[in-house]
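Work through the following exercises with the structure open beside you, taking each solution one step at a time.

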Amino acid sequence: MTLYLPRTTTSQISEALAAERHSVGGGAMNMVLTLVIVTDEADHYDAVRAATEAGREHPSRVLALIRRDPEAEPAIDAEIRRPGTSGPGEALLLRLFGPLGEHADSVVTPLLVPDAPVVAWWPGVGPVNPAADPVGRLAQRRITDALRAADPVGDLLSRIVHYRPGDTDLTWTRLTPWRSLLASTMDQPSAWVTAAEVTAEPYYPSADLLAAWLSDQLDVPVERKESNGPGITGARLITGAGDIAVRRLDGRVATLSRPDQPDQTVALPRRRASEALAEELRRLDADEIYEQTATHMASLLNRAGVGA
Amino acid sequence: MKEPVMPGAVPNPLRNILDRRLPRIAGPSVLVLFGVTGDLARKKLLPAIYDLANRGLLPPGFGLVGFARRDWEDQDFAAEAHEAVRQHARTPFREDVWRQLSEGVRFVPGELHDDDAFDRLAETVRELDARRGTGGNYAFYLSLPPKLFPTVVKQLKRSGLAESSDGSWRRVVIEKPFGHDLESARELNAVVDDVFPPQSVFRIDHYLGKETVQNIMALRFANTLFEPIWNRSYVDHVQITMAEDIGVGGRAGYYDGIGAARDVIQNHLLQLLALVAMEEPVSFSADALRAEKEKVLSAVTLPEDLAQGTARGQYAEGWQGGAPVVGYLQEDGIPPDSTTETYAAMKLGVNTRRWAGVPFYLRTGKRLGRRVTEVALVFQRAPHQVFSHTDIEEMGQNSLVLRIQPDEGVTLRFGSKVPGASMEVRDVSMDFTYGQSFTEASPEAYERLILDVLIGDPPLFPRQEEVELSWKILDPIEEFWTKNGRPEQYESGAWGPASAHELLARDGRQWRRP
Ligand SMILES: NC(=O)c1ccc[n+]([C@@H]2O[C@H](COP(=O)([O-])OP(=O)(O)OC[C@H]3O[C@@H](n4cnc5c(N)ncnc54)[C@H](OP(=O)(O)O)[C@@H]3O)[C@@H](O)[C@H]2O)c1
């Protein structure tokens, strides 16, 4: 069931939530976290849907802050989707008019689930310094998505300078299946890796992160090559005994080849937003490897004279 | 400059303990599944294998070989498996995942005593090694009636399949029941032990793969709140219940002669008891965990008078959930004079400093009020009450209930003032619920267990020692029951025979209505 509260205040919203809890008894206190989505009218639909899907694994209170006309009189239009409407969590869509868009933290604070962790997500272009952002300051985990920026690689690089524990970027999350597959190929004995290659569409930060990760963990030079995509199309570990190579040209199924072994196919689908988000919500502690990798990526690219 | 890294060496340079996003993935391997036409394979194992693949937890070099007495080709088996997956898998069906998985699916037709069939099986797995890069690692899952284990194990030995070389591994997975008493459990173990070393034998008690059961350890040992009262100073008694609302149904042939105690108490309930009563293990390694469980199981004591300290029953004809149902003795395939119990309850003690004098009441049964598994710690009453007797008349004992299934979660019951001018205290609940949809996304017990087998991670599998200790607890009771009369009839759809209620009433207690 959905409840509409036009031109409302946060105390009216809190009251509506409490009344709801009264009539069904308990219920909503199972929320494990508050997920604040900072978004706009164009993006909010997909973002809330992804959050609701991820909420099946992590029952949460979703607060979607939708920025509207900054010139208007300050006002909040609220739409409350109760638990059970579309999953175990509840969703509050708050349309913020006028200068309220700049003071979203004042709207968020009274609506956070008590004691539970707060996650902020910018599905569109995110702040350069998420931890200093008014909403970001309230959150233990801050999720951005560099891919949405006009210059995705530059966006990631400019943000990593301000890294604080709890920051993460979906360009890193989308990479987990690739990293997982590559790591599993090295669970078995293989020869020395002397170099590596990552091939992907241009302006694709995940590829640079993958290259940086391999370079950092294996301590070898990694070449970043360009293709027509979609996304990452290949990764190659060059060893004395031949190459360990993963190729994925269709964004769905990859071929793994290794020296002296038959080629194998692996389903390696590109991840949907909800899957990436669910992974982010699974762990709320700092991701040191992300920081290390992104910082390493910055130094590699600076050395190569890019983005400097 | 970092230390030079040696790829392929341990540890894998791409796996960093700080990198918690990377899941544990099984290494290249073949899972050989015996009994693929069975209920368990279709409803649980095949779907779990698909779900693992879908979550990206199976390696590219993975093979699945089915073995059964059917005249099937690989494609026929793949089609059967496809159907099972479609019907029972938890994760959404993805064609790409299925196609990749089914490329490694093979089927070997044959009888279990047929040498040729096992030679063909051996050829098949070696072909998979060559074609799919499965690395010569084989897990044999015996989803078969246990009486067939000796035949299969001997065949695995004869055909050379059980033998590993060049650092590859062999593992064998067996399902309950692990015998029907101490002696048969030892015989069964001897059969398997003859061919596979103990660390290669994985006994499945699927309860231990359940999130909620693993959560018992998190609840007890990750928190400070519960452990201080988790002992005889505060706990009055413990009730462990596993109730089913169904009858024996199609399992008549298996069930009769086995009964509720062997089917459920020996494994699931005693494992739950061990997890609830054990001391904190020094680590979560398999050995440390099993050591604590074994200590507790070896400290379990039986009631002095088995007639007073146990109860059993058979469900009678009646009504359940609005439908007429037949009694146990009228079920198809059950002899009308059967003395097999469909309900069993017992009072056990745990002879340790922590639990001395605290009874553990265990009960299980079929055709009870509803399907539920839970562990309830019932606490002692407050030693002194400032409130008058009438004020607290409606208040029971505080309790902490670990709800294992369905509706997984934890409930804390305590007294609270009833709103109004008078001081009246009544029980209320504080509830934690995983929530239906929350648990839907969490892996099924069999997924977790199959992955653990392929990775070779043993903490969730009971060791032979635990099995034997459980039989030592149960055998004297079974013996007593065999010699003394018949199970009492109980009403279908209610909560068990009168003798079970008397068992607690004699101690001035009563069963919770779960
Ligand atoms: N079902 C459950 O929920 C459950 C729960 C816990 C434990 N278990 C245990 O899991 C195992 C399998 O259970 P299940 O329910 O799947 O059993 P099931 O339905 O009776 O199937 C057993 C399998 O064994 C095969 N089989 C039986 N007799 C055979 C023979 N003489 N030669 C060759 N194959 C033979 C059957 O093949 P055919 O089709 O050719 O007869 C079938 O594939 C058993 O150990 C059982 O105790 C089952």
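**Exercise 1.** Determine in which loop of chain A Asp219(A) is found, and decide whether Asp219(A) is buried, partly exposed or exposed.

*Solution.* In this predicted model, begin with the location: Asp219(A) sits in the loop that runs between helix H7 (205–218) and S10 of chain A. Next, turn to the backbone, where Asp219(A) has a positive phi of about 60 degrees although it is not a glycine. Finally, take the relative accessible area of Asp219(A), which is 34%; since buried means under 20% and exposed means over 50%, Asp219(A) is partly exposed.

**Exercise 2.** Identify the residues joined by a cis peptide bond at Pro230(A) and at Pro177(B), and place each proline in its chain.

*Solution.* In chain A, the cis bond joins Gly229(A) and Pro230(A), with omega at about 5 degrees, and Pro230(A) has its place in the loop between strand S10 (222–226) and strand S11 (232–239). In chain B, Lys176(B) and Pro177(B) are joined by a cis peptide bond with omega at about 0 degrees, and Pro177(B) lies in the loop between strand S5 (170–175) and helix H6 (182–193).

Conventions. Residues are numbered from 1 along each chain as its sequence is written. Chains are lettered from A and ligands numbered from 1 in the order in which they are written. This is a predicted model: local features need pLDDT of at least 70, side-chain atom pairs count only at pLDDT 80 or more; totals for chains, interfaces and linings use all residues. Side-chain values use heavy atoms; hydrogens and water are left out. Helices (H or I, at least four residues) and strands (E, at least two) are DSSP runs, numbered from the N terminus. Buried means under 20% relative accessible area, exposed over 50%, partly exposed in between (1.4 Å probe, protein chains only).
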